[in-house]
Amino acid sequence: MEFSHIPVMLEECLEGLRIDPEGVYVDGTAGGAGHSREIARRLTAGRLIALDQDPDAVAIARERLSPFPCAQVIHTNFRNMSAALTQAGVEGADGVLLDLGVSSHQLDTAERGFSYLKDAPLDMRMAQEGVSAADLVASAPEEELARILWEYGEERYSRSIARAIVRQREKEPIQTTLQLAEVIKSAMPAAAKRDKNPCKRSFQALRIAVNSELDALSQGIDEAFSILNPGGRLVIITFHSLEDRMVKQKFAELCRGCTCPPEFPICVCGKKPRARLISRKPILPSEEELAHNRRSQSAKLRIIEKL
């Protein structure tokens, strides 16, 4: 199986994890095992638990991590991290990495239905099971489609696109990626269609909805922080504003201490920070990486350390 994968901000992630050769680390999004393999190389008596919900990714990660006895690959979503560690016989972790979003393999494999540039069945399921994008487009009410496109894609023409989808599906099923792309473009004004990727926001929105990505991220951050040992670090790479906003807010809450009104002379709430930010601003890819890895263009890296 071909599975090309250039790990985004690899050195920054490894530095952020501050790897102890005898520590326990979790890669919650193994993908092509690019990050996982480099973590495993740095371990001696330590352990690496690599997770992924995509069966294709699990197969290739197991193959690429087979030279490392310290590594174990488990087929699951990172929102189930606690259960995965129990399955692996591990009580806590010294570092957790999440590299969010769709992988290069998923985009490049036309039949997975993630890309609006290649004709394929309209699928978009990362785990290759459950409700597909075609199912969602065929059954969701117009108002729900508009909400998905607006909330998850920040698509300004969400209502007109949703209306066009409903009109088209009344004539014939929308079953392929290029069918959907044409419907999306038909609902946009000429100026918007001149955009290099006019379908990008709508496809992103449907993918997020199909895979419940934001719910998984919210739960995954909670799970990851709960299994971290004191001094352990949570390292997350995001690729769009919705993900980054959630990570930023979740991290801020974990790092927040006293919530008493400022006029109180002393703290009565007793709340203390549970984590500290390693970098107050997101870490961005270097100019060199941007020149060699197109996927890194929208990446942002945030890191916290458990107190």
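The second largest pocket of this structure holds about 250 Å³ of space. The structure is a predicted model.

**Second largest pocket**
- The lining of the second largest pocket comprises 5 nonpolar, 8 polar and 3 charged residues.

**Largest pocket**
- The space in the largest pocket amounts to about 1200 Å³.
- This pocket is lined by 34 residues, and those closest to its centre are Val102, Leu107, Tyr116, Lys200 and Arg294.
- Sorted by class, the lining of the largest pocket contains 13 polar, 11 charged and 10 nonpolar residues.
- At least two residues of this lining come from each of helix 5 (104-108), helix 11 (200-211) and helix 13.
- The greatest contribution to the lining of the largest pocket is that of helix 11, which gives 5 residues.

**Nonpolar surface patch**
- A nonpolar patch on the surface is formed by Phe264, Ile266 and Val268, which together have about 310 Å² of accessible area.
- Within the chain, Ile266 is located in the loop that runs between helix 13 (241-255) and strand 6 (275-277).
- Ile266 is classed as exposed because its relative accessible area is 60%, and exposed residues are those over 50%.

Notes. Residues numbered from 1 in each chain as written. Predicted model: local features only at pLDDT ≥ 70, side-chain atom pairs only at ≥ 80, totals over all residues. Heavy atoms only, no water. Patch = residues over 30% accessible without salt bridge, like charges linked within 9 Å, V, L, I, M, F, W, Y side chains within 5 Å. Areas by Shrake-Rupley, 256 points an atom, 1.4 Å probe, with all protein chains shown as cover. Salt bridge = Lys/Arg side-chain N within 4 Å of Asp/Glu carboxyl O. Helix = DSSP H or I, 4+ residues; strand = E, 2+ residues; numbered from the N terminus. Buried < 20%, exposed > 50% of the residue type's maximum accessible area, 1.4 Å probe, protein only. 1 Å grid on protein atoms, 1.4 Å probe; cavity = no way out; pocket = protein on both sides within 12 Å on 5 of 7 lines; lining within 4 Å. Points joined across faces, edges and corners; volume = space filled by probe spheres on them. Nonpolar A, V, L, I, M, F, W, Y, C, P; charged D, E, K, R; others polar.
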